[in-house]
2 protein chains.
Amino acid sequence: MSTSTSTLDSLAIGIDIGGTGTKFGIVDRLGNVLFSSEISTKKHIEIETFIADLQQNLVPLIEKAGGIGRIKGIGVGAPNGNYYTGTVEYAPNLPWKGILPLAKLVQDEFKLPVVLTNDANAAALGEMMYGAAKGMKDFIMITLGTGVGSGIVANGKLIYGHDGFAGELGHTTIIPDGRYHPGTGKKGSLESYASATGVTTTALELLANSKRESILRKIPKEKIDSKKVYEAAIAGDALAQEIFEFTGKILGMALANFIMFSSPEAIILFGGLTKAGDLILSPTKKHMEENLIQVFQNKVKILVSHLNESDAAILGASALVWDM
Amino acid sequence: MSTSTSTLDSLAIGIDIGGTGTKFGIVDRLGNVLFSSEISTKKHIEIETFIADLQQNLVPLIEKAGGIGRIKGIGVGAPNGNYYTGTVEYAPNLPWKGILPLAKLVQDEFKLPVVLTNDANAAALGEMMYGAAKGMKDFIMITLGTGVGSGIVANGKLIYGHDGFAGELGHTTIIPDGRYHPGTGKKGSLESYASATGVTTTALELLANSKRESILRKIPKEKIDSKKVYEAAIAGDALAQEIFEFTGKILGMALANFIMFSSPEAIILFGGLTKAGDLILSPTKKHMEENLIQVFQNKVKILVSHLNESDAAILGASALVWDM
């Protein structure tokens with residue numbers, strides 16, 4: 001086992017904590033994910049058992065990579081993660097409530113320097129270093145997964161804001177008095193529509209409020225999810241296609257608002273929903289342009305991240321280490 | 001007449017072009033507006049007559065201030081002003097359409113270096129240098145005048161965006177399919193509600209759609225404006241108070257969205273509508289907090305600019321010169 005600490009062959013650990021699962025891996029400076037694995041997030045009611053599970057599954061990877069001596073540090077991406085304090089605060093999609101000293105817990109466990117930020121901020125760093133935003137100084141990263149996350153880069157730097165929490169675009173209100181979000185108690189947020197969860201809700205609403213035929217009626221309600229809706233839409237199901245049309249309309253309206261805020265060169269989309277391709281991208285683009293005032297029209301690219309999905313989250317989190 | 005060019009006593013010209021009028025003045029480094037005046041913007045159908053009018057009214061001030069030799073440069077704030085190109089592009093609230101090389105026109109006229117940006121960006125610089133945002137690194141400036149403008153500062157720098165047009169928050173959609181904006185052709189923008197024009201429209205709508213008693217009914221429709229609504233509200237008129245309540249509700253929802261974008265330390269409000277004081281600030285604050293997810297609640301100050309209104313626009317524009 002090597003214990004060399006030369007910078008050239010030093011490695012970084014990236015940990016991405018999502019509402020459902022937590023991905024982690026060991027990454028070199030060129031962005032190769034050498035070893036990676038995943039554990040469940042949501043099965044851990046207590047943060048302590050989560051940290052223990054992480055330790056148990058990460059240590060073997062560190063050993064395989066040549067031991068702790070080769071690791072420069074750990075980057076953690078987590079919902080509502082605070083770059084300044086290393087805490088995760090009131091994250092609606094995580095099982096742990098209140099303010100958690102996550103960076104400190106990880107640091108105490110592994111005895112390595114830890115940097116933490118919003119999971120989508122980490123993803124944005126990853127895109128800027130290795131992905132679709134290479135060379136860009138102004139872009140917005142939107143992650144469309146279980147929830148909707150975002151990372152905003154302006155003047156070549158991530159916007160952390162006054163308190164470290166900037167970039168919670170998933171929680172901005174798009175439809176006043178719209179759909180209720182059980183995690184936040186707010187109504188009409190982007191996340192309540194343009195996430196995998198939102199697509200499922202839209203499907204259930206459309207099925208309940210009409211008698212229209214659809215392949216989706218053959219599936220038990222509790223088994224309907226965004227993947228099933230996608231498969232139905234691809235198979236030509238009109239109702240399923242309408243679900244993506246509607247989702248894209250909401251997303252496009254939201255993107256227009258974001259563009260009028262920071263005027264980015266591109267919006268980088270990432271996550272499960274982007275797999276629906278033009279089913280969601282076409283209406284998104286259309287409604288984005290329709291809601292922009294003239295000065296912003298036909299200028300801003302919508303790009304889908306081309307990083308391998310399971311690697312991207314880890315890469316983003318690990319990018320925090322090289323940025324330390 | 002002095003022609004000294006020592007930096008210590010050098011002066012800057014600030015020009016603020018609004019939809020109705022254009023203010024300009026000569027400012028020293030400490031932020032004293034030494035001489036100032038104003039011309040109409042909207043009476044000039046042609047940009048050429050506007051520049052001629054500006055020249056005629058500004059030259060006497062330059063003479064009074066000791067001549068052109070003392071002037072370091074000219075800062076111009078204008079709607080849709082582009083910092084990178086010095087052009088004003090498709091400004092919905094100005095009489096001139098298309099793309100105008102405004103910085104060049106001013107430079108050719110006065111033979112001085114000219115820097116141009118969005119009027120609200122200029123106002124934000126002024127607040128950061130001389131006003132309510134002194135010492136802040138993350139804040140959002142919102143101007144509530146004929147229209148709604150904005151300037152966003154993050155990491156201590158104005159966000160210009162990829163193309164120089166960032167910070168058009170007045171044109172973000174707050175009510176999908178809401179009130180039509182004749183200048184942009186878009187529906188439901190913040191500006192169509194939370195501007196002086198928006199308040200007038202709300203008043204006319206409320207009067208037309210109800211038979212409720214109001215002092216405002218004694219005023220001919222075409223004479224109702226935000227000032228009349230303010231006077232009625234102060235006099236205890238319930239309908240007039242409701243107009244500000246409604247305006248504050250929309251503004252508060254919008255501010256919550258902006259906070260979830262860049263997480264500023266404060267939002268600085270400026271312009272005519274702020275004179276309504278708590279009539280508009282109380283509902284704004286209330287609805288802002290209601291629409292924020294927990295992590296942002298009770299953290300962000302709403303401050304009203306304490307700069308003298310006629311000076312502030314000039315100060316902001318002149319601040320561009322010291323920033324050159």
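Reply: Two strands pair if DSSP finds at least two bridges between them. Keep that rule in mind for the sheet of chain A. The model is a predicted one.

Five strands of chain A form an open sheet. Their order is E3-E2-E1-E4-E7, and the pairing is mixed. The edges are strand E3 (33-40) and strand E7 (114-118) of chain A, each of which pairs on one side only. From one strand to the next, the twist averages 15°.

H3(A) lies across strand E1 (11-17), E4 and E7 of chain A. H3(A) runs at about 105° to E7(A). H8(A) lies across E1, strand E2 (21-27), E3, E4 and E7 of chain A. Relative to E1(A), H8(A) runs at about 125°.

These helices also pack on each other. Helix H3 spans residues 119-130 of chain A, and helix H8 spans residues 309-322 of chain A. Their axes are 7 Å apart, at an angle of about 90°. Angles of 65 to 115 degrees count as roughly perpendicular, so H3(A) and H8(A) are roughly perpendicular to each other. On the H3(A) side, the contact is made by A:Ala122, A:Ala123, A:Leu125, A:Gly126, A:Met129 and A:Tyr130. They meet A:Ala312, A:Ala313, A:Leu315, A:Gly316, A:Ala317, A:Ala319 and A:Leu320 in H8(A). By class, the contact of H3(A) with H8(A) has 11 nonpolar residues, two polar and no charged.

The largest nonpolar core has 207 residues, and A:Val76 and B:Val76 touch the most other members. Beyond its neighbours within four places in sequence, A:Val76 is in contact with A:Ile15, A:Ile17, A:Gly81, A:Leu102, A:Ala103, A:Val106, A:Val114, A:Leu116 and A:Ala317.

Next, turn to chain B. How many of the eight residues of strand E4 (residues 71-78) of chain B are buried? Six are, so E4(B) is largely enclosed by the rest of the structure. A residue counts as buried if 20 or more other C-beta atoms lie within 10 Å of its own. Strand E1 (residues 11-17) of chain B pairs with E4(B) in the parallel sense, over six bridges. Within that pairing, B:Leu11 has B:Ile71 as its bridge partner in E4(B). E4(B) also pairs with strand E7 (residues 114-118) of chain B, in the parallel sense over five bridges. Here B:Gly75 stands opposite B:Val115 in E7(B).

Finally, the contact between the chains. It takes 39 residues from chain B and 39 residues from chain A. On the chain B side, strand E9 (148-154) and helix H6 (238-262) each supply at least two residues. H6(B) gives the largest share, six residues. The side of chain B that touches chain A has 18 nonpolar, 13 polar and eight charged residues.

Notes: Residues are numbered from 1 along each chain as its sequence is written. Chains are lettered from A and ligands numbered from 1 in the order in which they are written. This is a predicted model: local features need pLDDT of at least 70, side-chain atom pairs count only at pLDDT 80 or more; totals for chains, interfaces and linings use all residues. A nonpolar core is a set of buried Ala, Val, Leu, Ile, Met, Phe, Trp, Tyr and Cys residues joined through C-beta atoms within 7 Å. A residue is buried if 20 or more other C-beta atoms lie within 10 Å of its own, exposed if 12 or fewer, and partly exposed in between; C-beta atoms are placed from the backbone. Two residues are in contact if their C-beta atoms, placed from the backbone, lie within 7 Å. Axes are lines fitted to C-alpha atoms, for helices over the stretch in contact, and angles run from 0 to 180 degrees between N-to-C directions. Helices (H or I, at least four residues) and strands (E, at least two) are DSSP runs, numbered from the N terminus. Angles under 35 degrees count as roughly parallel, over 145 as roughly antiparallel, 65 to 115 as roughly perpendicular and the rest as oblique. Ala, Val, Leu, Ile, Met, Phe, Trp, Tyr, Cys and Pro count as nonpolar, Asp, Glu, Lys and Arg as charged, and the others, Gly among them, as polar.
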